[in-house]
Amino acid sequence: MPYDIRPLSDTLGAEIIGLDLAQPLDDATFAAVRQAHLDHLVLVFRDQRLSPQNQVAFSSRFGPLDRHPVTDAVLPDCPDVLVLSTKRKNGAFIGLPDAGPMWHSDLAYREHPALGTMLYALETPDYGGDTGFANMYKACEALPKHLADAVAGKRAVFLAGRNNKNRSFRKGLTKVEKDETPAVTHPIIRTHPETGRQSIFASPQHAVAIEGLDERESSEILTALFDHTAQPDFIYHHKWRVGDLTFWDNRCVQHIADLSRIDDPAYIRHMHRTTIGGGPVE
Ligand code: OGA
Ligand code: MN
């Protein structure tokens, strides 16, 4: 299959034109896609027509899939697919309408956070609902010395469901879901297991404290760190088209959803997410 890889911005991201992911990729093409993912951090495969099973099959080539703690937003006949949707049935959202209200990396609150996430756009709004992606290698390289010193060798405490807004599908996690996601700690700066490059892993949605520091110092450093990581120079905003399948590397990218139109009844955004499991953060 002939295909093109075109960078989307100076900071990260490339679109891939001409690949049909409903068909299995041959090994050479798959290897090239994997390398492009390491090089560009976020891939956008345009013009796809994928069944949930097609998406699961492609995602699974990168590793075993992870399931989300919010278990009633998954497709009943394909539970590896999480539904992100602003559509309603009998007044209730049919999926999570507001994943990612703050900058984060998926499943960072697990012992083994996600390697990568694929999000497939089935219906997109005319405007609004972009996803922001930030390059954490670049943020790490640009850390001012005082901040680099303050976080060197430190670990942060990560928690699920703490900072979510109340309009969430389930209004947060149930007790069972909470029990399954106790606080964990991870290094604030991690080394990517495949590229060997360092990046900032702590993010505002899940990293709530720095281990071993008192609350005031911890929150001062995290506030300064998160002001740094959210700078426009590190960010690409993806405007979705129907048929886009994005694939981001949670080990070196933070992302955020634009929820500014979430209360507008005319705002329809409907997506399928798969999550590839990762290893320990080191
Ligand atoms: C996610 C997520 C962002 C968005 O699916 O993990 O954060 O823009 N989504 O929907
Ligand atoms: Mn997310």
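This is a predicted model: local features need pLDDT of at least 70, side-chain atom pairs count only at pLDDT 80 or more; totals for chains, interfaces and linings use all residues.

Colleague: Fine. Which protein donors does the manganese ion have?

Modeller: His104 through NE2, Asp106 through OD and His255 through NE2, lying 2.1 Å from the manganese ion (ligand 2). Donors here are N, O and S atoms within 2.8 Å of the metal (3.2 Å for Na, K and Ca), and water is not among the atoms, so sites may look incomplete.

Colleague: What spacing do those donors follow along the chain?

Modeller: H-x1-D-x148-H. His104 sits in the loop between strand 8 (92-93) and strand 9 (114-123), while His255 is in strand 18 (residues 253-257), so the pair links parts of the chain 151 residues apart. Helices (H or I, at least four residues) and strands (E, at least two) are DSSP runs, numbered from the N terminus.

Colleague: Are those two histidines buried or exposed?

Modeller: Both His104 and His255 are buried. Buried means under 20% relative accessible area, exposed over 50%, and partly exposed in between, using a 1.4 Å probe and protein chains only.

Colleague: And which side chains have polar atoms by an oxygen of ligand 1?

Modeller: His104 has one 3.1 Å from an oxygen atom of ligand 1, His255 has one at 3.0 Å, and Arg273 has one at 2.5 Å. The protein covers 99% of the 290 Å² of accessible area that ligand 1 has on its own (Shrake-Rupley method, 1.4 Å probe; for residues, only the protein chains shown count as cover).

Colleague: What else is around ligand 1?

Modeller: The residues around it include Leu84, Ala99, Thr131, Trp248 and Arg269, where near means a heavy atom within 4 Å.

Colleague: Switching topic: where is His37?

Modeller: His37 lies in helix 1 (residues 27-40), and it counts as buried because its relative accessibility is 3%. Beyond its neighbours within four places in sequence, His37 contacts Leu43, Phe247, Trp248 and Asp249, with contact meaning heavy atoms within 4.5 Å.

Colleague: What lies 3.4 Å from a polar atom of its side chain?

Modeller: The backbone oxygen of Phe247.

Colleague: How about Ser85: what does its side chain pair with?

Modeller: A 2.7 Å polar contact joins the side chains of Ser85 and His270. That term covers N or O atoms within 3.5 Å; within protein, one must be able to donate a hydrogen and the other to accept it, and residues adjacent in sequence count only if both atoms are side-chain atoms. Ser85 is in strand 6 (residues 78-85) and counts as buried because its relative accessibility is 0%.

Colleague: Which residues other than glycine have a positive phi?

Modeller: Asp47, with phi near 60°, and Asn90, near 50°, are among them. Most residues other than glycine have a negative phi.

Colleague: Where does Asp47 sit?

Modeller: Asp47 is in the loop between strand 3 (42-45) and helix 2 (52-60), and it counts as exposed because its relative accessibility is 59%.

Note on methods. Residues are numbered from 1 along each chain as its sequence is written. Chains are lettered from A and ligands numbered from 1 in the order in which they are written. Side-chain values use heavy atoms; hydrogens and water are left out.
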